[in-house]
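Subject: Structure handover and pocket results

Hello,

Please find the structure below, with the sequence.

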Amino acid sequence: MRDPRSLYELNPDVVVPPGLPLVAGLTGFADAGAAVAQTTEYLLSTLESTVVATFDADELLDYRARRPIILFAGDHLADYRPPRLSLDLARDELGQPFLLLTGYEPDFQWERFGSAVLGLIDDLGVSSTTWINSIPMPVPHTRPIGMTVSGNRADLIDAMSIWRPTTQVPSNALHLVEYRLHEQGHPTTGFVLLIPHYLSDTEYPLAAVAALEAISASTGRIFPTDALREQGREFVARIDEQVAENGELAKLVGTLEERHDSYMEGTTLRSPLTDEAGELPSADEIAAELEKFLAYRRTRDDESPLGG
């Protein structure tokens, strides 16, 4: 393996105090409800931050699969924004510092990238690592967003992980980082938010709120969420309006509510996703209803949160 340190360039003007928590969120394979994208963009846009290290996109990114956006203005190219994967030194709402790893998930050189991140964690004396992810699940939007918690911090797993399956899942680069950190005994936590499947392709503001709350629980950092919460209230109000106008969707949401509530009450259900016989809801029925719902929402005006 080539030297992992050559994957990134350090900012020589930044001094990072040891003992800071690291928060990570990379966009790529799955980001239901745009939880990761919203959370990282919100943190970068609302908090004071300075770049500590910038990763080499030409080494890590498949430009053909995820093409950067360039602005064409009438007769010329006016703006180009290169892909960004960086480690920043940020400060929360109270001025407490922490490290923030954000940007694209690497397409290539996962082992080398993982070694680079582990090297930075060691060199900078990081105290703990927390990362976020989100996946679509047949759960209702009318209940608090649940999550699966991984890592080696039993207090957070016991307090916050509502679904603990044993299963094989497609991994992402931060899974590998967590796995390596776990091997080293470094305090690490992964939060996977369980997003209602019928909202998975929207920007769901409450997903970002849930992610920030989880990060706060793990790191002790405090983040401003008033704007996101207000957006979330407006979003849910419009979802509820659309559900009320669609009988089949209302029935689906009601079924999901019953299964969720039964599971949370500690019944014999194995998870909030299954019925009494342990079976998943019919994929064909859900898919058919989702197709109707998506077609219906496209008829709404542009102000609808589901309107694209």
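Five elements each put at least two residues into the lining of the largest pocket: strands E2 (21-27), E8 (128-137), E9 (146-151) and E10 (188-196), and helix H5 (173-184). Please keep in mind that this is a predicted model.

Of these elements, H5 contributes the most to that lining, with 6 residues. The lining of the largest pocket consists of 33 residues in total, and those that lie nearest the centre are Thr148, Ser150, Val169, His175 and Val192. The volume of this pocket comes to about 890 Å³. By class, its lining holds 16 nonpolar, 14 polar and 3 charged residues.

The second largest pocket has a volume of about 640 Å³. Its lining is made of 22 residues, and nearest the centre of this pocket lie Thr27, Pro83, Arg84, Gly103 and Tyr104. Two or more lining residues come from each of E2, helix H1 (35-46), strand E4 (70-73) and strand E7 (97-104). H1 has the largest share here, at 4 residues. The lining of the second largest pocket splits into 10 nonpolar, 6 polar and 6 charged residues.

Regards

How values were computed
Residues are numbered from 1 along each chain as its sequence is written. This is a predicted model: local features need pLDDT of at least 70, side-chain atom pairs count only at pLDDT 80 or more; totals for chains, interfaces and linings use all residues. Side-chain values use heavy atoms; hydrogens and water are left out. On a 1 Å grid over the protein atoms alone, a cavity is a set of points where a 1.4 Å probe fits but cannot get out, and a pocket is an open set with protein on both sides within 12 Å along at least five of seven lines; lining residues have an atom within 4 Å of a point. Grid points are joined across faces, edges and corners, and a volume is the space filled by probe spheres set on the points. Ala, Val, Leu, Ile, Met, Phe, Trp, Tyr, Cys and Pro count as nonpolar, Asp, Glu, Lys and Arg as charged, and the others, Gly among them, as polar.
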